[in-house]
Amino acid sequence: MSTDTAFTPRSLTASQYVRELFEPADNAAILVRNRSTGHTVQRIAKAETIASPDFQTWLASQNAGGSDVFMGMNPIKDGAHSRTKGDIKDLRHVYLDLDRKGDESLEAIRNSPSVPAPNFVLDTSPGKHQVVWKVSGFSQDEAESLLHSLANEFGGDMAATDSTRVLRVPGFANRKLPEEFIVQARQESDAVYTLRDFTIHEDSPETPRHLSDDQERPRTVPSDHRSQSEHDWAFAKPALARGDDPEVVIQRIADYRSEDKDNPNYYARHTVTKAQSELKSSSSPQISGRVVGDESSQDRGH
């Protein structure tokens with residue numbers, strides 16, 4: 001069982017959680033998104049500033065006004081103003097977003113000999129959790145490979161397997177729910193783990209996992225699994241083909257991806273622009289509505 005018997009679990013406030021995740025001088029990303037208006041604000045600030053009463057008061061006011069509160073899980077380089085992969089200073093955390101059968105998945109993690117005791121468990125809504133481990137010595141590729149394996153092993157959200165992901169912050173209401181639910185966090189270990197502490201098998205679509213050399217374990221990801229980017233593409237093309245306003249399509253994609261994209265508006269516009277181009281070069285019906293200009297040839301969304 002992956003239990004840290006030497007540590008006494010404790011509940012954390014938002015400020016305590018930030019201080020446990022980061023050193024005071026670390027730069028961290030805070031993202032605030034209003035679900036009603038789609039307005040998103042991202043701020044890069046020192047962890048000690050984010051944990052301060054003034055900053056917490058601002059976050060509380062945003063939350064009370066209908067916004068969800070999220071935080072990037074890895075520190076940002078000095079001088080950076082976004083949280084792209086190139087802006088990540090180093091890898092401090094790996095994590096899981098358990099949004100389906102969350103209680104069962106969390107119990108499996110607690111009883112697994114293949115992963116260490118989680119450092120933090122966040123209850124984000126009834127039966128849904130986010131699990132965080134503190135780590136060191138990981139390259140970005142190693143961290144993202146492990147994130148994918150963890151999600152595959154324990155039924156986590158496969159979209160939450162990148163090093164720039166933002167997760168919820170305790171003490172604030174989850175505005176996605178019709179009834180108010182305050183996110184709660186428990187610290188369950190103060191250990192810092194290395195790659196060798198995780199002994200789950202690496203996964204790829206071509207390489208099935210095994211319980212032993214002669215016993216194949218069923219995959220937790222269906223064979224027709226598509227990434228969220230593929231879902232966005234599958235949404236954009238039919239919408240444009242049937243004549244939806246491109247700006248409306250852009251806004252819908254940007255709203256949906258605001259939690260896991262550093263620049264969701266750019267990503268959405270680029271996706272729609274590419275979809276328009278492909279539709280125009282094919283035999284698809286003429287697209288109605290305004291033509292969306294491509295702001296850059298560099299696809300920062302992938």
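## Helix α5 and its neighbours

The buried residues of helix α5 pack against β5, α4 and β7, where packing is read from contact, meaning heavy atoms within 4.5 Å. Helices and strands here are DSSP runs, numbered from the N terminus: helices are H or I with at least four residues, strands are E with at least two. The buried residues of α5 are Ala143, Glu144, Leu146, Leu147, Ser149, Leu150, Ala151, Asn152, Glu153 and Phe154. Buried means under 20% relative accessible area, exposed means over 50%, and partly exposed lies in between (1.4 Å probe, protein chains only).

α5 has 15 residues and reaches 21 Å from its first C-alpha to its last, close to the expected 21 Å. That expected span is 1.5 Å times one less than the number of residues. Just after α5, glycine 155 takes a positive phi of about 70 degrees.

## How to read this model

This is a predicted model, in which local features need pLDDT of at least 70 and side-chain atom pairs count only at pLDDT 80 or more, while totals for chains, interfaces and linings use all residues. Residues are numbered from 1 along each chain as its sequence is written, and side-chain values use heavy atoms, with hydrogens and water left out.

## Helix α4

Next comes helix α4, residues 102–110, whose buried residues are Gly102, Ser105, Leu106 and Ile109. Seen down the axis of α4, these residues fall within an arc of 100 degrees, so they line one face of the helix. The arc is that of the directions from the helix axis to the C-beta atoms.

What do the buried residues of α4 pack against? Their partners are β5 (93–98), β6 (120–125), β7 (128–134), α5 (140–154) and β9 (184–187). α4 lies across β5, β6, β7 and β9, running at about 30 degrees to β7. For such angles, axes are lines fitted to C-alpha atoms, for helices over the stretch in contact, and angles run from 0 to 180 degrees between N-to-C directions.

## The five-stranded sheet

Five strands form an open sheet in the order β1-β9-β6-β7-β5, with antiparallel pairing. Two strands pair if DSSP finds at least two bridges between them. β1 and β5 stand at the edges with a single partner strand each, so one side of each is left without a neighbour in the sheet. Neighbouring strands are turned by 25 degrees against each other on average, direction ignored.

Let's walk through some of the pairings. Three bridges join β1 (residues 10–12) to β9, and arginine 10 has glutamine 187 of β9 as its bridge partner. β6 and β9 pair over four bridges, with leucine 122 opposite alanine 185 in β9. β5 and β7 pair over six bridges, and tyrosine 95 has valine 132 of β7 as its bridge partner. Helix α1 (residues 14–21) also packs on the sheet, touching β1, β5, β6, β7 and β9, and its direction makes about 100 degrees with that of β1.

## The four-stranded sheet

Another open sheet has four strands in the order β3-β2-β4-β8, again antiparallel. Its edge strands are β3 (40–46) and β8 (166–168), each pairing on one side only. The twist averages 30 degrees from one strand to the next. Strand β4 (residues 67–72) is joined to β8 by three bridges, and glycine 72 stands opposite valine 166 in β8.

## The nonpolar cores

A nonpolar core is a set of buried Ala, Val, Leu, Ile, Met, Phe, Trp, Tyr and Cys residues joined through side-chain atoms within 4.5 Å. The largest has 54 residues, and Met71, Val94, Leu96, Val132, Trp133, Leu150 and Phe198 touch the most other members. α5 gives the most to this core, with six residues. Apart from it lies another core of twelve residues, among them Ala239, Val249, Ala254 and Val272.

## Two residues to look up

Aspartate 78 sits in the loop between β4 and β5. At 60% relative accessibility, aspartate 78 counts as exposed. Leaving aside neighbours within four places in sequence, aspartate 78 is in contact with Asn27 and Lys46.

Asparagine 265 belongs to helix α8 (residues 264–281). Its relative accessibility of 46% makes asparagine 265 partly exposed. The C-alpha atoms of asparagine 265 and isoleucine 250 are separated by 7.2 Å, although the two are 15 residues apart along the chain.
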